Amino acid sequence: MTEQTNIHPDQEHKSLNFIEQFIEEDIKTGKHGGRVHTRFPPEPNGYLHIGHAKAFCLDFGLAEKYNGKCNLRFDDTNPVAEDTSYVDAIKKDIRWMGFDWEDREYYTSDYFDQLYDLAVKLIKKGKAYVCDLSAGEIGANRGTPTQPGVESPYRNRTVEENLDLFKRMKNGEFPDDSKTLRAKIDMASPNMHMRDPILYRIRHVSHHRTGNKWCIYPMYDWAHGQSDSIEEITHSLCTLEFEVHRPLYEWFIRELEIFPSRQIEFARLNLSYTIMSKRKLLQLVNEKHVSGWDDPRMPTIHGLRRRGYTPESIRTFAEMVGIAKRENVIDVALLEYCIREDLNKKAARVMAVLDPVKLIIDNYPDDQEEQLKTINNPEDESMGSRILPFCKELYIERDDFKEDPPKKFFRLSPGREVRLKSAYIIKGESVEKDTDGHIIAIHCTYDPDSKSGSGQVHRKVKGTLHWVSARHALNAEVRLYDRLFNDPDPDGHKDHDFKEFINPDSLKILANCKVEPSLQQSKPLDHLQFIRLGYFNVDPDSTPEHLVFNRTVPLRDTWGKKNKV
RNA sequence: UGUCCGAUGGUGUAAUUGGCAACACAUCUGAUUUUGGUUCAGAAGAGUCCAGGUUCGAGCCCUGGUCGGACAACCA
């Protein structure tokens, strides 16, 4: 096979990231017969977030691009933290994102026997030993990055003794933490990971898949690389913090003479105004700062889905942020751009009034009703049109009226004309106020000849308002979300806990919104554009009796932005 | 006082491997618009961390610095 056959034709012209360059070199030199096989290795101890999405878009994307394969492998070597509920959530997310691991759903725990045999092989080579030191002692003997460590007194046990002890460790003869199996490398190595790293620890706990079969569990360094080799992974991609582990990864390959997978590290995704640490996300969930892993403010895939993000938008985002080795912080504005761009093409436009105020058309007959036709999406004719009921009393947005308007106010005010979207041109007349001076109704008159689409009127009106018929409107709850943190880097302050930066206004619930009647049929997770307001989706909490919408992202607002402060 | 990695507009990522620093987001104009959205046209913004060197020519190569990050869990 030539290198050409391995490269997806659509992609040839774009510039390659450094990993693609490595891969293409490997293909060119015929390494592994030009085969590309990656893996995505989540630990089932939490939900996947957008940073993981970047990683698996890379893993699966590269496999696709080079006509290879990508395995899903659960890195389940630490039974105390892991759980099957996470396995299910992770699979759901990856599938939702549009990736397919076919029948290659693997678990590191599937390899426990092979891993054990490999450890025996290492012992027989005199390259591993059973150590009786406690965790504290091992730590103390490890030295520091600038000072060499001290060799364990158990380092020179005979092969026979090590073999016997290791077998007895496996058989459960020793209590938790009383012994470990360590590689015998170099306690003076400048790389801490080469200072006789621990391969196995004793844990008498049951595992979510292997039950009580094992009481010794492999550590990451031992399990991960060897699992890559077992699966004959050609390119094993991981984040930068594993760079210092690579010499160990390669040491195992050499000593064990196993399949030489290649580890390549790239910079993890950081997003402004959020956190990506699984541990801290768990803390937000446990301490109820959010409603759960799927809270729409969470950067988790579950959260983004509920917020109204689409898989396509997240994939576009992953594509746009790129792959490199330097630390980076991506502006959330880029994510928002990606979802707006996607939803602009897909979301049906509907009328919804979030902060309603009554609008009365004085010269419109009391009991008249009209059915007005309106287009569902100006960006996509094929989405068709629908009917909007219209009558004398409507609701409009309280913001869309001002008694004495500022200079560039294009909306409704006394004596000024404005277009009601898909309906008539109206002119502001007067207001009704309660005893506190709050506006309770706005009176206007309409021009019967200005009906939308009639072609009768040629005068220009600056503004167009969205509205909903008071007689026909449905009540709805709308949840407005803002960034969860009000600091660009909540996790970046040495003397402040990230939770100090939680945005108290990240969720605003509007209980008295009015929406057009067609929304009665909306189904959970449907994407919509509330005209002039933003993109919204139907929350899973929504029912026909109690409609609930989440704001995914507001529309771009050059006017509001300019007038802030 | 160690090892490894990195450094290009505000933010990301490129630069055909030594040939006028490009693209996207963000920002700012203007046009169009029955969404102050979309679309369209345009502007501004870096001379590539610093100092030397090689070269006709360096963001790319060499030398020496500076700054930033990772690494001392029986976590992954």
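## Strand 13 and I375

Strands here are DSSP runs of E of at least two residues, numbered from the N terminus. In this predicted model, strand 13 spans residues 370–375 and includes I375.

Beyond its neighbours within four places in sequence, I375 is in contact with G384, S385 and R386. G30 lies 345 residues from I375 along the chain, and the C-alpha atoms of the two residues are 56 Å apart.

## Domain organisation

Chain A is assigned three segments of domain structure: domain 1 (27–266), domain 2 (271–348 + 476–562) and domain 3 (355–466). Between domain 1 and domain 2, the contact draws 27 residues from domain 1 and 27 residues from domain 2. The centres of these two domains, taken over C-alpha atoms, are separated by 35 Å.

## The interface of domain 1 and domain 2

About 2,300 Å² is buried between domain 1 and domain 2, and carbon and sulfur atoms give 69% of this area. On the domain 1 side, the residues that lose the most area to domain 2 are Y47, I50 and W96, which together account for 33% of what that side buries.

Polar interactions are also present across this boundary. There are 3 salt bridges between domain 1 and domain 2, and 9 residue pairs are in polar contact, both residues being at pLDDT 80 or more. Helix 2, helix 3 (84–96) and strand 9 (262–266) each supply at least two residues of the side of domain 1 that touches domain 2. Helix 2 gives the largest share of that side, with 9 residues. In a salt bridge between side chains, E243 meets K325 at 2.5 Å, N to O.

## The surroundings of N45

N45 occupies the loop that runs between strand 1 (37–40) and helix 2 (50–65). Leaving aside neighbours within four places in sequence, the residues in contact with N45 are A81, E82, Y86 and K278. With K278 there is a polar contact between the two side chains, at 2.6 Å.

S85 is 40 residues from N45 along the chain, and 8.9 Å separate the C-alpha atoms of this pair.

Helix 8 comprises residues 246–256, and its buried residues are L248, Y249, W251, F252, I253, E255 and L256. Just after helix 8, E257 adopts a positive phi of about 55 degrees.

## Cysteines

The structure holds 0 disulfides. For C444, the nearest cysteine sulfur is that of C391, 12 Å away, and C444 is in no disulfide. C444 counts as buried because its relative accessibility is 0%.

Terms used
Residues numbered from 1 in each chain as written. Chains lettered and ligands numbered in written order. Predicted model: local features only at pLDDT ≥ 70, side-chain atom pairs only at ≥ 80, totals over all residues. Heavy atoms only, no water. Disulfide = S-S within 2.5 Å. Buried < 20%, exposed > 50% of the residue type's maximum accessible area, 1.4 Å probe, protein only. Helix = DSSP H or I, 4+ residues; strand = E, 2+ residues; numbered from the N terminus. Contact = heavy atoms within 4.5 Å. Polar contact = N/O pair within 3.5 Å; in protein donor to acceptor, adjacent residues only side chain to side chain. Domains from an automatic or database assignment. Buried area = accessible area lost by both parts, 1.4 Å probe. Salt bridge = Lys/Arg side-chain N within 4 Å of Asp/Glu carboxyl O.
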